Amino acid sequence: MTHFNENQLSEMPTRQRAQFINSLSGYKSANLVGTIDNAGQTNLAMISSVVHLGASPALMGFIVRPNTVTRHTLENIEQTNQYTINQVNSSIWQQAHQTSARYDKSQSEFSETGLSPFYIAGVSAPFVAESELKYSLELQQIIPIELNGTLFVIGKITNVICNTSVIKQDGYIDIEAIDTVAISGLDSYHQTRRLSRLSYAKPESMTQQIPLDGM
């Protein structure tokens, strides 16, 4: 085992430190955030920081890096108050990663990567047609994180689009059945293998494995 102290971490080359620290959190979700500006220019961005904040109301959050440079995703969300989150699957992971390239504002990541925009009534922001699980959100709050200049974007889920067959009786969504992938570090993509589902943990009894179809 190797021990890195705070000084050794700070002395690492910038890119090496970024990759190293990003790997510490383990597997992260791979999602594409779809946005559009008031002029109709679409944007698509890979985000690995999406986190569930609550089910009632249904809230999701994600981190935007410091806006020391132009952040098209953030600008579009601030303009329209709407955006979509689209899970990445094994069919589109390379195209999804390509959206992290620094395209100009006039270039849409949809056309640059070959992904297809998809729209529904009442939502101005584009979904990714190739994503098997996607949802739209309405901006609720943007919280500045003073420690590092990042921003925490919080949205309320307004629509969910998913294949009915992967939604189980108790509401669990079988994301392995739609080949959802995960990210580790900055650039490593993974397919997962479920061990099992477990029953609700109670102090008076040990958890039990439960069937995939729900309890």
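# A predicted chain in questions and answers

Biologist: What share of the 215 residues in the protein chain is buried?

Modeller: This is a predicted model, in which local features need pLDDT of at least 70, side-chain atom pairs count only at pLDDT 80 or more, and totals for chains, interfaces and linings use all residues. Residues are numbered from 1 along each chain as its sequence is written, and side-chain values use heavy atoms, leaving out hydrogens and water. A residue is called buried under 20% relative accessible area, exposed over 50% and partly exposed in between, with a 1.4 Å probe and protein chains only. The buried share of the 215 residues in the protein chain is 38%.

Biologist: What is the radius of gyration of the protein chain?

Modeller: The radius of gyration is taken over C-alpha atoms, and the globule rule is 2.2 Å times the number of residues to the power 0.38. For 215 residues a compact globule would come near 17 Å, and the value for the protein chain agrees with this: it is 19 Å.
The C-alpha atoms fill a box, taken along the principal axes, of roughly 55 × 55 × 30 Å.

Biologist: How many helices and strands does the protein chain have?

Modeller: Helices (H or I, at least four residues) and strands (E, at least two) are DSSP runs, numbered from the N terminus. Under this scheme the secondary structure of the protein chain comes to five helices and 14 strands.

Biologist: Which residue in strand 5 is the bridge partner of G54?

Modeller: Strand 4 and strand 5 pair in the antiparallel sense over four bridges. In strand 5, the partner of G54 is L59.

Biologist: Which residues touch the most other members of the largest nonpolar core?

Modeller: A nonpolar core is a set of buried Ala, Val, Leu, Ile, Met, Phe, Trp, Tyr and Cys residues joined through side-chain atoms within 4.5 Å. The largest one has 15 residues, and the elements giving two or more residues to this core are strand 5 (58-64), helix 3 (72-80), strand 6 (82-87), strand 9 (133-145) and strand 10 (150-162). Apart from it lies another core, of 13 residues, among them L44, V88, V181 and Y189. In the largest core, the members that touch the most others are V50, F62, Y83, I85 and V153.

Biologist: Is S131 buried or exposed?

Modeller: S131 lies in the loop between strand 8 (127-128) and strand 9. Leaving aside neighbours within four places in sequence, S131 is in contact with N86, Q87, N89 and I92. Because its relative accessible area is 2%, S131 is buried.

Biologist: Which residue in the turn between strand 11 and strand 12 has a positive phi?

Modeller: Strand 11 (residues 181-184) is covered on both faces, with V181 and I183 buried on one side and A182 and S184 on the other. Strand 11 pairs in the antiparallel sense with strand 12 (residues 188-191) over four bridges, and also with strand 1 (residues 28-29) over two bridges. The hairpin of strand 11 and strand 12 has three residues between the strands, and the residue with a positive phi of about 60 degrees is G185.

Biologist: How far apart in space are Q107 and Q41, C-alpha to C-alpha?

Modeller: Q107 is found in the loop between helix 4 (93-98) and helix 5 (109-113), and at 26% relative accessibility Q107 counts as partly exposed. Leaving aside neighbours within four places in sequence, its contacts are Q41, T42 and E112. Q107 and Q41 are 66 residues apart in sequence, and their distance in space is 8.2 Å.

Definitions and conventions
Pairing = 2+ DSSP bridges. Contact = heavy atoms within 4.5 Å.
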